[in-house]
Amino acid sequence: MTEAKVVLKMEKLTLMDLPGVGAATAEKLESAGYHDLMSVAVSSVGELIEVTGVSEAVARKMINSARDSMKMGFETGMDILRRRELVTKLSTGSASFDTLMGGGFESGAITECFGEFGSGKTQIGHLLTVNALKEDSTATTVYIDTENTFRPERIKQFAEAAGMDVEDVLSRIMVARAYNSDHQMLLAEKIEDLISKQGKNVRLLVVDSLTAHFRAEFIGRGTLAERQQKLNRHMHALAKVASAYNVCVYVTNQVMAKPDQFFGDPTTSIGGHIVAHASTFRIYLRKGKKGTRVAKLIDAPNLPDGECCFEVLEGGIKDAN
Ligand code: GTP
Ligand code: MG
């Protein structure tokens, strides 16, 4: 068989071709967001058992068979360099904020801003939306709004300040209100359809707030493991959108008081290691002097840590003097 034919054959395989997967199991997998062999290949035995109720042995066979059926594993450094060349940087409008971020918010990655109420997380989400639409006239952006804080009026102000056609801008923003954490997870898993089935050129995905529903729904120590497991799955879905389609993903997160901390900053972000780990860039936002905001880059793969100071204005954000 020639190589092209082998590839064709691989693409034709579906979930039902896996050992132990009949129509009922395939349906369970589909409804849990496992649409192709790749998603099974990269999942864990525990996840598959939870989703389908099959035995451990069957789950293991499914994963191994999915892995065997596809080319997985290593890429050369050149492959990765070529992919890195596709990375774009989305400007915030504040020169010092952009510099802090190495030129702007990166595509193909998740950037998390966490900070107290009023620190500017939602404003940044609105601003990035307008800037993404400005940089690419064919672009669409997606805004998953969990706290009902998306404001078209605010988009209008930013768009007008940027000299853009407000109706065009608003019509290229797809807003979904997420009513609970399951709904939020489902929305994130549907974004792939927007891109691959509806052909939308999604350049930015905002999830504001990433953690509020999870925080409100899972209260008390006993539920923490379940919450983290769900958050983990959600972060995976977001990371997949980012890397498979070179989308800039921006998520917001709250902070909570750390009562046992006497030195340094007495706050910590929600979602613990799961969120921290899955976010490529992490920014801590806080209120500064005279109405300014301070952004501190605390985690980035190839940038030095640092701080910048900006102001939120009617038409955008600007460096603070
Ligand atoms: P939570 O979602 O409550 O955690 O806060 P957040 O971090 O999302 O805060 P948000 O981005 O909503 O910031 C609100 C702040 O932005 C306000 O307190 C104002 O300082 C500023 N802001 C919002 N709209 C305007 C505006 O039209 N003009 C100006 N100058 N500032 C604004
Ligand atoms: Mg907000």
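Helices (H or I, at least four residues) and strands (E, at least two) are DSSP runs, numbered from the N terminus. This is a predicted model, in which local features need pLDDT of at least 70, side-chain atom pairs count only at pLDDT 80 or more, and totals for chains, interfaces and linings use all residues. Residues are numbered from 1 along each chain as its sequence is written, chains are lettered from A and ligands numbered from 1 in the order in which they are written, and side-chain values use heavy atoms, with hydrogens and water left out.

**View 1. Asn246, a non-glycine residue with positive phi.** Asn246 sits in the loop that runs between helix 13 (224-245) and strand 7 (248-253). Its phi is about 55°.

**View 2. Asn148, in the loop between strand 4 and helix 9.** Strand 4 covers 140-145. Phi of Asn148 is near 55°, a positive value, and the residue is not a glycine. Asn148 counts as partly exposed, at 40% relative accessibility. (Buried means under 20% relative accessible area, exposed over 50%, and partly exposed in between, with a 1.4 Å probe and protein chains only.)

**View 3. The cis peptide bond between Asp208 and Ser209.** Omega is about 0° at this bond. Ser209 belongs to the loop between strand 6 (202-208) and helix 12 (212-217).

**View 4. Helix 8 packed against helix 9.** Helix 8 spans residues 121-135 and helix 9 spans residues 152-161. Their axes are 9 Å apart, at an angle of about 50°. (Axes are lines fitted to C-alpha atoms, for helices over the stretch in contact, and angles run from 0 to 180 degrees between N-to-C directions.) That makes helix 8 oblique to helix 9. (Angles under 35 degrees count as roughly parallel, over 145 as roughly antiparallel, 65 to 115 as roughly perpendicular, and the rest as oblique.) The crossing of helix 8 and helix 9 is right-handed. (A crossing is right-handed if the near helix is turned clockwise from the far one by less than a right angle, and left-handed if anticlockwise.) Helix 8 contributes Gln123, His126, Leu127, Thr129 and Val130 to the contact, and helix 9 contributes Arg154, Ile155, Phe158 and Ala159. (Contact means heavy atoms within 4.5 Å.) By class, the contact of helix 8 with helix 9 has five nonpolar, three polar and one charged residues. (Ala, Val, Leu, Ile, Met, Phe, Trp, Tyr, Cys and Pro count as nonpolar, Asp, Glu, Lys and Arg as charged, and the others, Gly among them, as polar.)

**View 5. Helix 2 packed against helix 4.** Helix 2 holds residues 23-31, and helix 4 holds residues 45-52. The angle is about 110°, and the axes are 9 Å apart. Helix 2 and helix 4 are therefore roughly perpendicular to each other. Thr25, Lys28 and Leu29 of helix 2 meet Leu48, Val51 and Thr52 of helix 4. This contact has three nonpolar, two polar and one charged residues.

**View 6. Arg82 in helix 6.** Helix 6 runs over residues 77-84. Arg82 is partly exposed, with a relative accessible area of 47%. From C-alpha to C-alpha, Arg82 and Leu48 are 34 Å apart in space, and they are 34 residues apart in sequence.

**View 7. Cysteines in a structure with zero disulfides.** Cys113 is in no disulfide, and the nearest cysteine sulfur, that of Cys308, is 9.8 Å away. (A disulfide is a pair of cysteine sulfur atoms within 2.5 Å.) Cys113 counts as buried, at 0% relative accessibility. The sulfur of Cys248 is 11 Å from the closest cysteine sulfur, in Cys113, too far for a bond. Cys248 counts as buried, at 2% relative accessibility.
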